[in-house]
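This report describes selected local features of one protein model. The sequence and structure are shown first, and the description follows.

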Amino acid sequence: MNRPLDDAEDRERRNQQEERLRKVWAAPRGWRYWSAVNNSEVGLWYTGASLAFMLFAGVLALLVRAQLAVPDNDFLSADTYNQAYTLHGTAMMFLFAVPIFEAVAILLLPQMMSSRDLPFPRLSAFGFWCFIIGGVFVCGSIFFDAAPTGGWFMYPPLTTDTDQSGIGADIWLLGLSFIEIASIAAAVELIVGVLKCRPPGMRINLMPLYAWYVLVVGAMILFAFPPLIAGDLLFELERAFDWPFFDPSRGGDPILWQHLFWIFGHPEVYIVFLPSIALAAMIVPTFAQRPIYGYSWIVLAAVGTGFISFGLWVHHMYTTGLPAISLGFFSAASEAVVIPTGVQLFALIATLLLGQVSLSVPLLYVAGALAIFIFGGLTGVMVAIVPFDWQAHDSYFVVAHLHYTLIGGMFFPLLAGVYYFYPIATGKSLSYRLGVVGFWTMFAGFNATFLPMHLTGLLGMPRRVFTYPADLGWDWLNLFSSVSAAVFAVGVLIVMWDIFRPKGHQPYSERNPWNAGTLEWVARMPPESWGARCVPLIESRYPLWEQPDFVRKVDEGRFYLPDAEEEKRETLITTTLAAEVVQCLRIPGPSFLPMLAAIGIGGSFILATFHWWIAAALSGAAGVAFILRWLWTGTAMIPEKPEKDIGLGATAPLYQSGSNSVGWWAMFITMLADLTAFSGLVFGYFYFWTVHGAFPPVGSAEPDRFWLVAAAVGYAAAWALTLLSVRANANGSAYAACASLVAGIALALGGTAALVFAPSATGMDPTVHAYPAIVWVLILWTGIHAAAGVLMQAYVIARTAVGLCTAIYDADVRNVALYWHFMALTAAVTIAVIGLFPEVSR
């Protein structure tokens, strides 16, 4: 007969389990707190920093509005105005809109999936420190009168002229490239977390909608941000070394930058919008007290929105002289995205209509968001139509449309999420009164600020002007918008005060104060340091509503991983579709290594801004060394036993390799992003090939075919030898595996040397014309990746030599082999493009 669940012995056992969990998952104290790497801490840091950058950008917006309040104003000089509006847009888009999504997801996702943590907490910490360093570097430039002045889009040729744009453009390019690393790092963490860290039983069709949106948006980041990184690379090479990618007099084309920028820029609008809809999709069912209506349709609509968003970028370029057929296609695509967007909005409205709605502050912000966003969407339909866009382009009508979609589609839903999830993050609730007052102040101030801008734009006021003459009919509209912007700012400050005000004497919130049905509300008040008391078995989308005694069973540790017997941080890894347990993953503890690695890598970007190349190289090398150290001590560690009891009579392996391991998935996803950036460079090559009558130009030197063939042979052999080392290692022959890797290193280095000789032998000068410049870029990209592959091969040799990579514990060599698949593809495409297409063009 089973003993009662609440007898004294059982309670004592549970108390001991919880004490061990607290000990294992507790954040360090004092100065060592900043070494914490569990995602609850990093998510809080990330969120706070993103809000701080938002406030900074908001102050810049107020300065811009103060300058435009009256005609012929000299409150700001033209240069200071340009710096202010450039940094306003840059900070809002790169330092707030996208990072706040990643911050909130890193904070909430472990709770929503009852996971102890996401799989790579050190990667999250690294991304956070990259974000902070890059953000402070870019934003701090304005205090030294060195901020960028070319707008958040940095169009050439004005910004490629180093005399005219100064160092600000370099700060923008290199600082944001570093920040984009943080965004991609977070995307990798989140995608792997959603796919591999779901609790047992949470099949992919039972995931909370927020997890679906995180998956979609993470994938969008992988394919949207890399083209901008490719464009940044071309841009900085032109500024630093005079390689003429955007100089028409030497075969370049400034329109190439617009393509690469907006291939990123328009999907980013939906990267910002979709996570906010995800927050609304978690909030609305709670206050309707019923499951979301149309779950499957919402998922399909979210995926469809993400897919279509990559076919819209040219609607920012209608006035650049593109062919009519292109304009028609992109106009139709811009209209089509309304369909999946509408599905999501109507599903939220239907859920409210079908439920028993209880009014609350979070729901108030959701309602305001829907009203504002729908109006912004209507003006979006207008600017998607080519003839209208020709009239409104670069006017204040577009400024108004942009802010209606971003504030309505992102900011108000975010604040709804803050009021809703604040108890999970801090254990305290926010003020009802301050929330309502802040909402109505912002709602009124926002509409009074931006609604008149539609008329201002239709009356002809162009955007990005620092002043204007009187008697054009814009005076009172601008004054009204400027005063209203101050009202909106007061509303924002009310909400920020509510968020950050001291709450030491305020009692903790009651548990699950909203009576929600999803997993994150199992959290105790005050929150514990672990992600979940135990990892539950999931049978429905709303287990708190639909699974009997669910909370009690979680509290009593009646599911998986109720204890930390070995006093190590652990979480469960499951299959991607059915969520069946495949591993009990050991997670590394606190470490300063991610911070030090970010400082080293960040230093290389910052020092390169000032052309201190040797110092930049040394800083980058130090950053790589710290990354290798963190990998050595925190990943693919050999456990003390092959498997462990995880509860409910089940056992799980403590080590996995290949596609069952989270490291393999992280490598695969990272290389997809890398391949996308490389595709941006290849796109640049074929863009030049299509816009020029003769490309390469007649009489231009071309790469030596002999050296190209030699490079192809070297890389192919290095790839094959890496695969051979995997097989040799699996057969227990460490010597043969290491010998294969050593030979692979030699051939990879030889292939790289041959690839560099190919243009050198024929005297191709990258400063003469865009053709040799783009050839050299493809070669340098391939060579750098080959060098990274060599470093990885050497890392595996070292791990094998000390017994950390064996026939059974072979995750390292398998992950490196996966990298070399992508490396071989990169080399093959590079050699084929620069070797074959000059011939084809003839």
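**An aspartate with positive phi**

In this predicted model, D549 is partly exposed, with a relative accessible area of 47%. The residue lies in the loop between α17 and α18 (550-555), and its phi is near 55°, a positive value in a residue other than glycine. The side chain of D549 also meets that of R552 in a salt bridge, at 3.5 Å from N to O. R552 counts as partly exposed too, at 33% relative accessibility.

**Other backbone features**

Most residues other than glycine have a negative phi, and most peptide bonds are trans. M154 likewise has a positive phi, near 55°. This methionine is found in the loop between α4 (121-140) and α5 (162-165). M154 is buried, because its relative accessible area of 1% falls under the 20% cut-off.

Two cis peptide bonds may be noted in loops. The bond from M525 to P526 is cis, with omega near 0°; P526 is placed in the loop between α16 (475-500) and α17 (543-546). The bond from F695 to P696 is also cis, with omega near 5°, and P696 is located in the loop between α21 (662-691) and α22 (705-730).

**Salt bridges**

Side chains of opposite charge can pair when their charged atoms come close. The structure holds 30 salt bridges. One of them joins the side chains of R464 and D394, at 2.6 Å from N to O. This pair links distant parts of the chain, 70 residues apart: R464 is in the loop between α15 (432-458) and α16, and D394 is in the loop between α13 (386-392) and α14 (396-426). R464 is partly exposed at 24% relative accessibility, as is D394 at 31%.

K644 and E565 form another salt bridge through their side chains, at 3.2 Å from N to O. K644 lies in strand β3 (residues 643-647) and E565 in the loop between α18 and β1, so the pair ties together parts that are 79 residues apart in sequence. K644 is buried, with a relative accessible area of 3%, whereas E565 is partly exposed at 46%.

**The β1–β2 hairpin**

Strand β1 (residues 570-574) pairs with strand β2 (residues 581-586) in the antiparallel sense over 5 bridges. The bridge partner of E570 in β2 is R586. The hairpin has 6 residues between the strands, and A579 takes a positive phi near 60° there.

In a regular strand the side chains alternate between the two faces of the sheet. In β1, 5 of the 5 residues are buried. Both faces of β1 are covered, with E570, L572 and T574 on one side and T571 and I573 on the other.

**Domains and their contact**

The domain assignment gives domain 1 (42-500), domain 2 (595-634) and domain 3 (687-841). The C-alpha centres of domain 2 and domain 3 lie 24 Å apart. Their contact takes 4 residues from domain 2 and 6 residues from domain 3.

Domain 2 and domain 3 bury about 440 Å² between them, 78% of it on carbon and sulfur atoms. In domain 2, the residues that lose the most area to domain 3 are L628, L631 and W632, together 92% of what that side buries. Between domain 2 and domain 3 there are 0 salt bridges and 3 residue pairs in polar contact.

Technical notes
Residues numbered from 1 in each chain as written. Predicted model: local features only at pLDDT ≥ 70, side-chain atom pairs only at ≥ 80, totals over all residues. Heavy atoms only, no water. Buried < 20%, exposed > 50% of the residue type's maximum accessible area, 1.4 Å probe, protein only. Helix = DSSP H or I, 4+ residues; strand = E, 2+ residues; numbered from the N terminus. Pairing = 2+ DSSP bridges. Domains from an automatic or database assignment. Contact = heavy atoms within 4.5 Å. Buried area = accessible area lost by both parts, 1.4 Å probe. Salt bridge = Lys/Arg side-chain N within 4 Å of Asp/Glu carboxyl O. Polar contact = N/O pair within 3.5 Å; in protein donor to acceptor, adjacent residues only side chain to side chain.
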